[in-house]
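Here is a short briefing to read alongside the model. Have the sequence and the 3D view open as you go.

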Amino acid sequence: MSIQIKTAHMEATDCSLITVEACMMRGFSGLQLIGSHTDVCKSGLERAKAALEAIGFKLPQRKVVLSMMPAELRKDGSQFDLAFALCVACLSNTQLKQEKLGSWLFLAELSLNGELRPVKGAISSALLAMSNGLEGLVVSHKNLDEITALLNLRQDGPLTLKVLAFKHLKDIIAWLQEEASAKLPLTISDNREKASGTFELKPNFDDMILSETMNKIALVIACGRHSLFLYGSPGSGKSMFCSRLPSIMPKMVAEDHIESLRIHSAFQANVCHKLMIGSPPLRAPHHQASSAAVLGVPECPGEVSLAHGGILFLDELPEFRRDLLEALREPLQVSYVTVSRARRKVTWKSRFVLLGASNNCPCGWFGSVRRRCICPTSKVLNYKRKISGPIIDRIDIHINMEEFMVDRSSLFVRSSSMNSKNDEKTQTQKLRNDVELALAFSNKRNEHLQVDYNCSLGSEQLHEASQLSSQSFQRMISAFGLTSISNRGIAKALKVARTLADLDQSKVIQEQHFRLALSWSHESCAKERGDEAYGLI
Ligand SMILES: [Zn+2]
(Lines give C-alpha, C1' and ligand atoms only; values in the text may rest on other atoms or scores of the structure.)
Protein backbone atom coordinates (compact mmCIF):
# COMPACT_ATOMS: atom_id res chain seq x y z
CA MET A 1 0.00 0.00 0.00
CA SER A 2 1.31 3.48 -0.78
CA ILE A 3 0.22 6.91 0.41
CA GLN A 4 0.31 10.01 -1.80
CA ILE A 5 0.30 13.59 -0.53
CA LYS A 6 0.54 16.78 -2.58
CA THR A 7 2.84 19.66 -1.76
CA ALA A 8 4.62 22.40 -3.74
CA HIS A 9 8.09 23.46 -4.83
CA MET A 10 8.99 27.11 -5.52
CA GLU A 11 11.07 28.35 -8.43
CA ALA A 12 11.18 32.17 -8.24
CA THR A 13 7.49 33.13 -8.21
CA ASP A 14 6.44 29.98 -10.07
CA CYS A 15 5.37 26.89 -8.23
CA SER A 16 5.23 23.25 -9.30
CA LEU A 17 3.15 20.49 -7.83
CA ILE A 18 5.14 17.82 -5.96
CA THR A 19 3.71 14.45 -4.92
CA VAL A 20 5.27 12.71 -1.95
CA GLU A 21 4.61 8.97 -2.16
CA ALA A 22 5.43 6.65 0.73
CA CYS A 23 5.37 2.89 1.18
CA MET A 24 6.84 0.27 3.49
CA MET A 25 9.46 -2.11 2.16
CA ARG A 26 11.62 -4.93 3.33
CA GLY A 27 14.92 -3.85 4.79
CA PHE A 28 16.39 -2.17 7.84
CA SER A 29 13.85 -0.04 9.69
CA GLY A 30 14.12 3.71 9.13
CA LEU A 31 13.09 6.50 6.75
CA GLN A 32 14.64 6.94 3.31
CA LEU A 33 14.03 9.87 0.96
CA ILE A 34 14.49 9.42 -2.79
CA GLY A 35 14.21 11.86 -5.72
CA SER A 36 16.50 14.83 -6.35
CA HIS A 37 16.62 17.13 -3.29
CA THR A 38 18.80 19.42 -1.23
CA ASP A 39 20.08 18.91 2.34
CA VAL A 40 17.44 21.28 3.75
CA CYS A 41 14.76 19.16 2.14
CA LYS A 42 16.30 15.90 3.41
CA SER A 43 16.61 17.19 6.99
CA GLY A 44 12.79 17.51 6.92
CA LEU A 45 12.65 13.73 7.45
CA GLU A 46 14.28 14.10 10.87
CA ARG A 47 11.99 17.02 11.78
CA ALA A 48 8.94 15.00 10.74
CA LYS A 49 10.16 11.98 12.76
CA ALA A 50 10.81 14.08 15.89
CA ALA A 51 7.44 15.86 15.57
CA LEU A 52 5.55 12.54 15.24
CA GLU A 53 7.33 11.10 18.28
CA ALA A 54 6.61 14.29 20.25
CA ILE A 55 2.85 13.82 19.77
CA GLY A 56 3.02 10.15 20.79
CA PHE A 57 3.04 8.46 17.40
CA LYS A 58 4.72 5.08 17.15
CA LEU A 59 6.79 4.91 13.98
CA PRO A 60 6.55 1.68 11.97
CA GLN A 61 9.39 -0.75 12.71
CA ARG A 62 10.02 -1.26 9.02
CA LYS A 63 11.79 0.48 6.21
CA VAL A 64 9.73 3.44 4.91
CA VAL A 65 10.64 4.89 1.53
CA LEU A 66 9.42 8.38 0.65
CA SER A 67 9.65 9.34 -3.01
CA MET A 68 9.32 12.91 -4.28
CA MET A 69 7.87 13.21 -7.75
CA PRO A 70 8.73 14.42 -10.36
CA ALA A 71 12.06 12.81 -9.48
CA GLU A 72 14.26 14.81 -11.87
CA LEU A 73 13.29 18.23 -10.46
CA ARG A 74 15.67 19.34 -7.70
CA LYS A 75 13.52 20.12 -4.67
CA ASP A 76 14.52 22.68 -2.10
CA GLY A 77 12.94 24.11 1.04
CA SER A 78 11.41 23.05 4.33
CA GLN A 79 7.76 23.20 3.22
CA PHE A 80 7.72 19.42 2.59
CA ASP A 81 8.03 18.55 6.33
CA LEU A 82 4.28 18.33 6.85
CA ALA A 83 3.79 16.04 3.85
CA PHE A 84 6.57 13.72 5.12
CA ALA A 85 5.02 13.55 8.60
CA LEU A 86 1.52 12.84 7.26
CA CYS A 87 2.78 10.11 4.92
CA VAL A 88 4.49 8.29 7.80
CA ALA A 89 1.49 8.86 10.11
CA CYS A 90 -0.91 7.38 7.53
CA LEU A 91 1.30 4.32 7.03
CA SER A 92 1.37 3.58 10.75
CA ASN A 93 -2.26 4.47 11.53
CA THR A 94 -4.80 3.15 9.07
CA GLN A 95 -7.66 4.98 10.81
CA LEU A 96 -6.65 8.31 9.26
CA LYS A 97 -9.01 9.34 6.48
CA GLN A 98 -6.86 9.13 3.42
CA GLU A 99 -9.46 10.36 0.97
CA LYS A 100 -8.82 13.93 2.18
CA LEU A 101 -5.16 13.67 1.31
CA GLY A 102 -5.43 13.44 -2.46
CA SER A 103 -7.32 16.69 -3.07
CA TRP A 104 -5.53 18.99 -0.60
CA LEU A 105 -2.17 20.73 -0.75
CA PHE A 106 -0.07 20.50 2.43
CA LEU A 107 2.58 23.08 3.13
CA ALA A 108 4.39 23.74 6.44
CA GLU A 109 7.71 23.39 8.21
CA LEU A 110 7.62 21.39 11.46
CA SER A 111 9.37 22.21 14.68
CA LEU A 112 10.71 19.26 16.69
CA ASN A 113 7.74 19.43 19.09
CA GLY A 114 5.20 19.37 16.26
CA GLU A 115 4.35 23.05 15.89
CA LEU A 116 3.68 24.30 12.35
CA ARG A 117 5.98 27.02 11.13
CA PRO A 118 5.31 29.40 8.19
CA VAL A 119 7.01 28.83 4.84
CA LYS A 120 8.08 30.96 1.91
CA GLY A 121 5.98 30.91 -1.24
CA ALA A 122 2.55 30.44 0.35
CA ILE A 123 0.99 32.90 -2.13
CA SER A 124 2.26 31.10 -5.22
CA SER A 125 1.25 27.75 -3.70
CA ALA A 126 -2.31 29.01 -3.15
CA LEU A 127 -2.44 30.14 -6.80
CA LEU A 128 -1.07 26.72 -7.83
CA ALA A 129 -3.76 24.92 -5.82
CA MET A 130 -6.43 27.05 -7.51
CA SER A 131 -5.08 26.51 -11.02
CA ASN A 132 -4.92 22.73 -10.41
CA GLY A 133 -8.49 22.61 -9.14
CA LEU A 134 -7.54 21.28 -5.70
CA GLU A 135 -10.11 21.40 -2.93
CA GLY A 136 -8.00 23.24 -0.42
CA LEU A 137 -4.74 24.16 1.24
CA VAL A 138 -3.42 23.26 4.71
CA VAL A 139 -0.86 25.72 6.09
CA SER A 140 0.57 27.11 9.32
CA HIS A 141 -1.62 29.74 11.01
CA LYS A 142 1.19 32.24 10.44
CA ASN A 143 0.74 32.00 6.65
CA LEU A 144 -3.00 32.64 6.80
CA ASP A 145 -2.88 36.46 6.72
CA GLU A 146 -1.06 36.68 3.39
CA ILE A 147 -3.29 34.04 1.75
CA THR A 148 -6.34 35.96 3.00
CA ALA A 149 -4.91 39.12 1.40
CA LEU A 150 -4.55 37.22 -1.89
CA LEU A 151 -8.07 35.78 -1.80
CA ASN A 152 -9.48 39.22 -0.92
CA LEU A 153 -7.97 40.46 -4.19
CA ARG A 154 -9.62 37.65 -6.13
CA GLN A 155 -13.08 38.32 -4.78
CA ASP A 156 -14.38 38.83 -8.32
CA GLY A 157 -13.80 35.17 -9.22
CA PRO A 158 -15.41 32.15 -7.55
CA LEU A 159 -13.87 31.52 -4.13
CA THR A 160 -13.39 27.80 -4.56
CA LEU A 161 -10.23 27.30 -2.51
CA LYS A 162 -10.63 26.27 1.12
CA VAL A 163 -7.77 27.26 3.37
CA LEU A 164 -7.24 25.63 6.77
CA ALA A 165 -4.57 27.01 9.07
CA PHE A 166 -3.38 24.88 12.00
CA LYS A 167 -1.01 25.55 14.87
CA HIS A 168 0.09 22.00 15.67
CA LEU A 169 0.57 18.68 13.90
CA LYS A 170 -1.67 16.90 16.42
CA ASP A 171 -4.59 19.16 15.34
CA ILE A 172 -4.14 18.03 11.73
CA ILE A 173 -4.05 14.37 12.78
CA ALA A 174 -7.26 14.92 14.78
CA TRP A 175 -8.86 16.66 11.76
CA LEU A 176 -7.92 13.68 9.56
CA GLN A 177 -9.39 11.28 12.15
CA GLU A 178 -12.47 13.52 12.30
CA GLU A 179 -12.41 13.52 16.07
CA ALA A 180 -15.10 15.54 17.79
CA SER A 181 -12.50 17.02 20.12
CA ALA A 182 -10.37 18.32 17.22
CA LYS A 183 -9.44 21.98 17.46
CA LEU A 184 -11.11 23.82 14.63
CA PRO A 185 -8.60 25.31 12.20
CA LEU A 186 -8.57 29.01 11.36
CA THR A 187 -10.15 29.76 8.00
CA ILE A 188 -10.19 32.69 5.61
CA SER A 189 -13.56 33.97 6.84
CA ASP A 190 -12.17 34.22 10.42
CA ASN A 191 -9.37 36.31 9.10
CA ARG A 192 -10.85 38.49 6.38
CA GLU A 193 -11.22 41.65 8.46
CA LYS A 194 -7.76 41.38 9.97
CA ALA A 195 -6.08 41.24 6.57
CA SER A 196 -7.97 44.20 5.12
CA GLY A 197 -7.36 46.99 7.68
CA THR A 198 -7.31 50.74 7.16
CA PHE A 199 -4.85 52.49 4.93
CA GLU A 200 -3.12 54.85 7.37
CA LEU A 201 0.55 55.11 6.68
CA LYS A 202 3.48 56.48 8.62
CA PRO A 203 5.77 58.29 8.01
CA ASN A 204 3.67 60.84 6.12
CA PHE A 205 3.89 64.51 5.09
CA ASP A 206 2.18 65.82 8.25
CA ASP A 207 5.53 66.41 9.94
CA MET A 208 7.25 68.04 6.96
CA ILE A 209 7.06 71.56 5.53
CA LEU A 210 6.78 71.33 1.76
CA SER A 211 7.62 74.20 -0.56
CA GLU A 212 5.22 74.85 -3.42
CA THR A 213 7.53 73.11 -5.89
CA MET A 214 8.02 70.01 -3.73
CA ASN A 215 4.29 69.84 -3.13
CA LYS A 216 3.76 69.74 -6.90
CA ILE A 217 6.53 67.20 -7.38
CA ALA A 218 4.98 64.89 -4.75
CA LEU A 219 1.64 65.04 -6.56
CA VAL A 220 3.19 64.46 -9.98
CA ILE A 221 5.11 61.37 -8.83
CA ALA A 222 2.13 59.87 -7.02
CA CYS A 223 -0.15 60.39 -10.05
CA GLY A 224 2.14 59.73 -13.00
CA ARG A 225 4.74 57.41 -11.37
CA HIS A 226 7.56 59.49 -12.85
CA SER A 227 11.15 58.89 -11.73
CA LEU A 228 12.95 61.60 -9.78
CA PHE A 229 16.49 62.73 -9.03
CA LEU A 230 16.93 65.12 -6.10
CA TYR A 231 20.12 67.14 -5.70
CA GLY A 232 20.89 69.17 -2.61
CA SER A 233 23.04 69.85 0.40
CA PRO A 234 22.98 67.60 3.51
CA GLY A 235 19.90 68.08 5.70
CA SER A 236 17.78 69.69 2.99
CA GLY A 237 15.16 66.93 3.37
CA LYS A 238 15.86 64.71 0.35
CA SER A 239 15.54 61.38 2.18
CA MET A 240 12.68 62.70 4.29
CA PHE A 241 10.71 63.63 1.18
CA CYS A 242 11.32 60.32 -0.61
CA SER A 243 10.47 58.13 2.40
CA ARG A 244 7.11 59.92 2.79
CA LEU A 245 5.95 59.47 -0.81
CA PRO A 246 4.24 56.04 -0.33
CA SER A 247 1.83 57.68 2.13
CA ILE A 248 0.12 59.64 -0.68
CA MET A 249 0.32 56.99 -3.38
CA PRO A 250 -2.92 55.09 -4.07
CA LYS A 251 -3.27 51.41 -3.25
CA MET A 252 -1.63 49.09 -5.74
CA VAL A 253 -3.89 47.81 -8.51
CA ALA A 254 -4.87 44.14 -8.07
CA GLU A 255 -2.44 42.83 -10.71
CA ASP A 256 0.59 44.61 -9.18
CA HIS A 257 -0.57 43.75 -5.67
CA ILE A 258 -0.78 40.00 -6.38
CA GLU A 259 2.64 40.04 -8.07
CA SER A 260 4.16 42.01 -5.20
CA LEU A 261 2.68 39.58 -2.66
CA ARG A 262 4.16 36.66 -4.63
CA ILE A 263 7.60 38.26 -4.73
CA HIS A 264 7.63 39.16 -1.02
CA SER A 265 6.28 35.73 -0.11
CA ALA A 266 9.17 34.15 -2.06
CA PHE A 267 11.58 36.40 -0.15
CA GLN A 268 10.41 35.73 3.41
CA ALA A 269 7.95 33.51 5.28
CA ASN A 270 5.81 36.39 6.57
CA VAL A 271 4.68 39.28 4.40
CA CYS A 272 4.46 42.64 6.23
CA HIS A 273 1.04 44.10 7.03
CA LYS A 274 1.54 47.29 4.97
CA LEU A 275 1.96 45.22 1.84
CA MET A 276 -1.04 43.04 2.63
CA ILE A 277 -3.35 46.06 2.67
CA GLY A 278 -1.97 47.24 -0.67
CA SER A 279 0.43 50.02 0.33
CA PRO A 280 3.14 50.42 -2.36
CA PRO A 281 6.46 49.10 -1.01
CA LEU A 282 9.47 51.40 -0.51
CA ARG A 283 12.86 49.75 -0.79
CA ALA A 284 15.99 51.71 0.02
CA PRO A 285 19.14 49.57 -0.35
CA HIS A 286 22.43 50.84 1.07
CA HIS A 287 24.94 52.13 -1.48
CA GLN A 288 27.33 49.29 -0.63
CA ALA A 289 24.75 46.62 -1.42
CA SER A 290 25.95 43.88 -3.78
CA SER A 291 24.56 43.20 -7.26
CA ALA A 292 22.93 40.02 -5.94
CA ALA A 293 21.12 41.97 -3.22
CA VAL A 294 19.88 44.65 -5.59
CA LEU A 295 19.18 42.67 -8.77
CA GLY A 296 18.43 39.31 -7.16
CA VAL A 297 19.54 35.72 -7.77
CA PRO A 298 17.51 32.77 -9.08
CA GLU A 299 16.66 31.66 -5.53
CA CYS A 300 15.79 35.05 -4.06
CA PRO A 301 14.37 38.33 -5.41
CA GLY A 302 16.50 41.47 -5.21
CA GLU A 303 15.57 44.99 -4.13
CA VAL A 304 14.44 45.95 -7.66
CA SER A 305 11.81 43.18 -7.55
CA LEU A 306 10.83 43.74 -3.92
CA ALA A 307 10.07 47.33 -5.00
CA HIS A 308 7.62 46.07 -7.67
CA GLY A 309 4.52 48.26 -7.67
CA GLY A 310 6.22 50.81 -5.41
CA ILE A 311 9.41 52.83 -5.01
CA LEU A 312 13.11 52.05 -5.27
CA PHE A 313 14.97 54.80 -3.43
CA LEU A 314 18.72 55.07 -4.00
CA ASP A 315 20.12 57.56 -1.51
CA GLU A 316 23.65 58.80 -2.29
CA LEU A 317 23.21 57.60 -5.88
CA PRO A 318 26.77 58.43 -7.08
CA GLU A 319 28.17 56.16 -4.34
CA PHE A 320 26.53 53.05 -5.86
CA ARG A 321 28.77 50.89 -8.01
CA ARG A 322 28.66 51.99 -11.63
CA ASP A 323 27.97 48.50 -13.03
CA LEU A 324 25.04 48.19 -10.64
CA LEU A 325 23.53 51.47 -11.83
CA GLU A 326 24.06 50.43 -15.44
CA ALA A 327 22.26 47.13 -14.74
CA LEU A 328 19.20 49.11 -13.64
CA ARG A 329 18.63 50.07 -17.26
CA GLU A 330 17.02 46.69 -18.01
CA PRO A 331 14.28 46.80 -15.33
CA LEU A 332 13.68 50.50 -16.04
CA GLN A 333 13.18 49.74 -19.72
CA VAL A 334 11.26 46.47 -19.69
CA SER A 335 9.88 46.19 -16.11
CA TYR A 336 11.51 42.85 -15.34
CA VAL A 337 14.98 41.57 -14.52
CA THR A 338 16.51 38.29 -15.68
CA VAL A 339 19.15 36.73 -13.43
CA SER A 340 21.09 33.58 -14.12
CA ARG A 341 23.52 31.43 -12.22
CA ALA A 342 25.05 28.17 -13.49
CA ARG A 343 22.20 26.43 -15.34
CA ARG A 344 19.38 28.37 -13.74
CA LYS A 345 17.79 31.41 -15.29
CA VAL A 346 14.92 33.22 -13.62
CA THR A 347 12.89 36.31 -14.50
CA TRP A 348 11.59 38.50 -11.68
CA LYS A 349 9.05 41.24 -12.32
CA SER A 350 10.33 44.68 -11.35
CA ARG A 351 8.30 47.74 -12.22
CA PHE A 352 9.10 50.54 -9.84
CA VAL A 353 9.42 54.31 -9.50
CA LEU A 354 13.11 55.17 -9.27
CA LEU A 355 13.97 57.90 -6.80
CA GLY A 356 17.57 59.03 -6.50
CA ALA A 357 19.17 61.54 -4.18
CA SER A 358 22.63 63.00 -4.22
CA ASN A 359 24.76 65.77 -2.79
CA ASN A 360 26.34 68.14 -5.29
CA CYS A 361 29.93 67.27 -4.33
CA PRO A 362 31.80 64.91 -1.94
CA CYS A 363 31.66 67.39 0.99
CA GLY A 364 28.02 68.16 0.20
CA TRP A 365 28.07 71.97 0.27
CA PHE A 366 28.68 72.83 -3.40
CA GLY A 367 26.21 75.57 -4.37
CA SER A 368 24.97 75.95 -0.79
CA VAL A 369 24.19 79.37 0.70
CA ARG A 370 24.88 78.13 4.23
CA ARG A 371 28.43 76.78 3.98
CA ARG A 372 31.39 76.88 1.62
CA CYS A 373 32.40 73.84 -0.40
CA ILE A 374 35.96 72.71 0.32
CA CYS A 375 36.30 70.23 -2.55
CA PRO A 376 38.88 70.79 -5.32
CA THR A 377 37.31 71.22 -8.76
CA SER A 378 38.62 67.84 -9.99
CA LYS A 379 36.81 66.05 -7.16
CA VAL A 380 33.56 67.85 -7.87
CA LEU A 381 33.86 66.87 -11.54
CA ASN A 382 34.63 63.23 -10.74
CA TYR A 383 31.68 63.07 -8.37
CA LYS A 384 29.30 64.47 -10.94
CA ARG A 385 30.56 62.13 -13.65
CA LYS A 386 29.96 59.00 -11.55
CA ILE A 387 26.42 58.65 -12.86
CA SER A 388 26.33 57.71 -16.50
CA GLY A 389 24.38 59.67 -19.10
CA PRO A 390 22.00 56.81 -20.01
CA ILE A 391 20.81 56.53 -16.40
CA ILE A 392 20.36 60.30 -16.06
CA ASP A 393 18.52 60.27 -19.37
CA ARG A 394 16.01 57.73 -18.07
CA ILE A 395 14.99 59.89 -15.12
CA ASP A 396 11.97 62.12 -15.81
CA ILE A 397 12.33 64.84 -13.18
CA HIS A 398 15.51 66.51 -11.89
CA ILE A 399 15.25 68.96 -9.03
CA ASN A 400 17.65 71.00 -6.94
CA MET A 401 16.19 70.79 -3.45
CA GLU A 402 16.13 74.30 -2.05
CA GLU A 403 17.54 74.96 1.40
CA PHE A 404 14.83 76.09 3.77
CA MET A 405 15.81 79.34 5.46
CA VAL A 406 12.82 79.45 7.81
CA ASP A 407 12.49 80.33 11.44
CA ARG A 408 13.09 76.93 13.05
CA SER A 409 10.47 77.47 15.76
CA SER A 410 7.77 77.63 13.07
CA LEU A 411 8.31 73.89 12.46
CA PHE A 412 6.77 73.12 15.85
CA VAL A 413 4.08 75.80 15.72
CA ARG A 414 2.86 74.47 12.42
CA SER A 415 2.65 70.80 13.44
CA SER A 416 0.91 71.53 16.76
CA SER A 417 -1.66 73.84 15.14
CA MET A 418 -2.42 71.13 12.61
CA ASN A 419 -3.06 68.64 15.38
CA SER A 420 -5.38 70.96 17.27
CA LYS A 421 -7.83 71.38 14.39
CA ASN A 422 -9.35 67.97 14.02
CA ASP A 423 -11.90 69.00 11.44
CA GLU A 424 -9.28 70.44 9.11
CA LYS A 425 -7.60 68.08 6.65
CA THR A 426 -3.92 67.38 7.26
CA GLN A 427 -1.32 68.02 4.57
CA THR A 428 -1.15 64.29 3.75
CA GLN A 429 -4.93 64.00 3.43
CA LYS A 430 -5.04 67.01 1.11
CA LEU A 431 -2.29 65.58 -1.07
CA ARG A 432 -3.96 62.17 -1.15
CA ASN A 433 -7.22 63.80 -2.12
CA ASP A 434 -5.61 65.69 -5.02
CA VAL A 435 -3.91 62.49 -6.20
CA GLU A 436 -7.21 60.59 -6.22
CA LEU A 437 -8.95 63.33 -8.24
CA ALA A 438 -6.15 63.57 -10.81
CA LEU A 439 -5.89 59.78 -11.14
CA ALA A 440 -9.63 59.44 -11.72
CA PHE A 441 -9.25 62.02 -14.51
CA SER A 442 -6.18 60.40 -16.12
CA ASN A 443 -7.46 56.81 -15.77
CA LYS A 444 -10.56 57.74 -17.73
CA ARG A 445 -8.45 59.16 -20.55
CA ASN A 446 -5.81 56.39 -20.47
CA GLU A 447 -8.38 53.58 -20.37
CA HIS A 448 -8.69 53.10 -24.12
CA LEU A 449 -4.91 53.56 -24.51
CA GLN A 450 -4.50 50.59 -22.14
CA VAL A 451 -1.97 52.44 -20.02
CA ASP A 452 -2.28 52.71 -16.25
CA TYR A 453 0.13 55.59 -15.51
CA ASN A 454 1.41 58.50 -17.58
CA CYS A 455 5.03 57.34 -17.19
CA SER A 456 4.18 54.33 -19.42
CA LEU A 457 2.78 56.35 -22.32
CA GLY A 458 4.49 55.45 -25.60
CA SER A 459 5.20 58.07 -28.28
CA GLU A 460 2.03 57.27 -30.28
CA GLN A 461 -0.10 57.22 -27.15
CA LEU A 462 1.54 60.40 -25.89
CA HIS A 463 0.49 62.22 -29.03
CA GLU A 464 -3.12 61.19 -28.47
CA ALA A 465 -3.03 61.78 -24.71
CA SER A 466 -1.56 65.28 -25.08
CA GLN A 467 -4.55 66.37 -27.23
CA LEU A 468 -2.21 68.77 -29.01
CA SER A 469 -2.35 69.24 -32.77
CA SER A 470 0.97 68.97 -34.63
CA GLN A 471 0.93 72.71 -35.33
CA SER A 472 0.38 73.75 -31.73
CA PHE A 473 3.04 71.26 -30.56
CA GLN A 474 5.48 72.67 -33.14
CA ARG A 475 4.63 76.19 -32.01
CA MET A 476 5.27 75.24 -28.40
CA ILE A 477 8.64 73.65 -29.24
CA SER A 478 9.82 76.64 -31.26
CA ALA A 479 8.61 79.06 -28.57
CA PHE A 480 10.91 77.43 -26.03
CA GLY A 481 13.91 77.14 -28.39
CA LEU A 482 14.67 73.57 -27.35
CA THR A 483 17.82 73.00 -29.36
CA SER A 484 19.90 71.54 -26.50
CA ILE A 485 17.29 68.99 -25.41
CA SER A 486 17.14 65.54 -27.02
CA ASN A 487 13.97 64.04 -28.49
CA ARG A 488 13.75 61.71 -25.51
CA GLY A 489 14.05 64.76 -23.24
CA ILE A 490 11.10 66.43 -24.98
CA ALA A 491 9.02 63.22 -24.75
CA LYS A 492 9.80 62.98 -21.01
CA ALA A 493 8.82 66.62 -20.47
CA LEU A 494 5.60 66.01 -22.37
CA LYS A 495 4.72 63.03 -20.13
CA VAL A 496 5.34 65.11 -17.00
CA ALA A 497 3.32 67.96 -18.54
CA ARG A 498 0.47 65.48 -19.13
CA THR A 499 0.42 64.65 -15.41
CA LEU A 500 0.52 68.36 -14.51
CA ALA A 501 -2.47 68.91 -16.81
CA ASP A 502 -4.28 66.00 -15.12
CA LEU A 503 -3.74 67.68 -11.76
CA ASP A 504 -5.47 70.76 -13.20
CA GLN A 505 -8.20 68.52 -14.76
CA SER A 506 -7.25 69.88 -18.17
CA LYS A 507 -7.82 67.76 -21.28
CA VAL A 508 -5.20 69.61 -23.31
CA ILE A 509 -1.61 70.19 -22.23
CA GLN A 510 -1.26 73.94 -21.74
CA GLU A 511 1.86 76.00 -22.25
CA GLN A 512 2.39 76.52 -18.51
CA HIS A 513 2.38 72.75 -17.93
CA PHE A 514 5.03 72.20 -20.59
CA ARG A 515 7.10 75.13 -19.28
CA LEU A 516 7.08 73.75 -15.72
CA ALA A 517 7.93 70.24 -16.92
CA LEU A 518 10.86 71.61 -18.95
CA SER A 519 12.17 73.48 -15.91
CA TRP A 520 12.49 70.06 -14.21
CA SER A 521 14.62 68.59 -16.99
CA HIS A 522 18.23 67.56 -16.37
CA GLU A 523 19.55 70.42 -18.52
CA SER A 524 17.61 73.16 -16.70
CA CYS A 525 18.48 71.70 -13.34
CA ALA A 526 22.21 71.52 -14.20
CA LYS A 527 22.16 75.11 -15.51
CA GLU A 528 20.56 76.26 -12.27
CA ARG A 529 23.35 74.62 -10.25
CA GLY A 530 26.06 76.23 -12.37
CA ASP A 531 27.30 73.00 -14.03
CA GLU A 532 27.73 74.91 -17.29
CA ALA A 533 30.86 76.58 -15.92
CA TYR A 534 32.43 73.11 -15.46
CA GLY A 535 31.65 72.08 -19.03
CA LEU A 536 29.31 69.32 -17.81
CA ILE A 537 26.44 70.30 -20.09
ZN1 LIG B 1 32.27 70.13 -1.73
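The notes below cover a metal site, the nonpolar cores, one serine and a pair of strands.

This is a predicted model, in which local features need pLDDT of at least 70 and side-chain atom pairs count only at pLDDT 80 or more, while totals for chains, interfaces and linings use all residues. Residues are numbered from 1 along each chain as its sequence is written, and side-chain values use heavy atoms, with hydrogens and water left out.

**Zinc site**

- The zinc ion has C361, C363, C373 and C375 as its protein donors, each through SG, at 2.2 to 2.4 Å. Donors here are N, O and S atoms within 2.8 Å of the metal (3.2 Å for Na, K and Ca), and since water is not among the atoms, sites may look incomplete.
- Along the chain, these donors follow the spacing C-x1-C-x9-C-x1-C.
- The arrangement is tetrahedral because the four donor atoms subtend angles of 103 to 114° around the zinc ion; for four donors, that label requires all angles to lie between 85 and 135 degrees.
- C361 counts as buried, at 0% relative accessibility, whereas C363 counts as partly exposed, at 22%. Buried means under 20% relative accessible area, exposed over 50%, and partly exposed in between, using a 1.4 Å probe and protein chains only.

**Nonpolar cores**

- The largest nonpolar core has 57 residues, of which I147, L312, L314 and L328 touch the most other members. Such a core is a set of buried Ala, Val, Leu, Ile, Met, Phe, Trp, Tyr and Cys residues joined through side-chain atoms within 4.5 Å.
- Helix 4 (residues 122-131) supplies the largest share of this core, seven residues. Helices (H or I, at least four residues) and strands (E, at least two) are DSSP runs, numbered from the N terminus.
- A second, separate core holds 53 residues, including I248, L355, L431 and M476.
- Leaving aside residues up to four places away in sequence, L314 touches P285, F320, L325, L328, L354, L355, G356 and A357; contact means heavy atoms within 4.5 Å.

**S140**

- S140 sits in strand 8 (residues 136-140) and is buried, with a relative accessible area of 0%.
- Its side chain reaches the backbone oxygen of L116 at 3.3 Å.
- Beyond four places in sequence, S140 touches L107, A108, L116, R117, P118, A165 and F166.

**Strands 11 and 19**

- Strand 11 (residues 228-231) runs parallel to strand 19, joined by four bridges; strands pair if DSSP finds at least two bridges between them.
- L230 has I399 of strand 19 as its bridge partner.
- From strand 19 (residues 397-400), I397 and I399 point one way and H398 and N400 the other, and all are buried.

Terms used:
Four donors count as tetrahedral if all angles lie between 85 and 135 degrees; four count as square planar and six as octahedral if opposite donors are over 155 degrees apart and all others between 65 and 115; anything else is irregular. A polar contact is a pair of N or O atoms within 3.5 Å; within protein, one must be able to donate a hydrogen and the other to accept it, and residues adjacent in sequence count only if both atoms are side-chain atoms.
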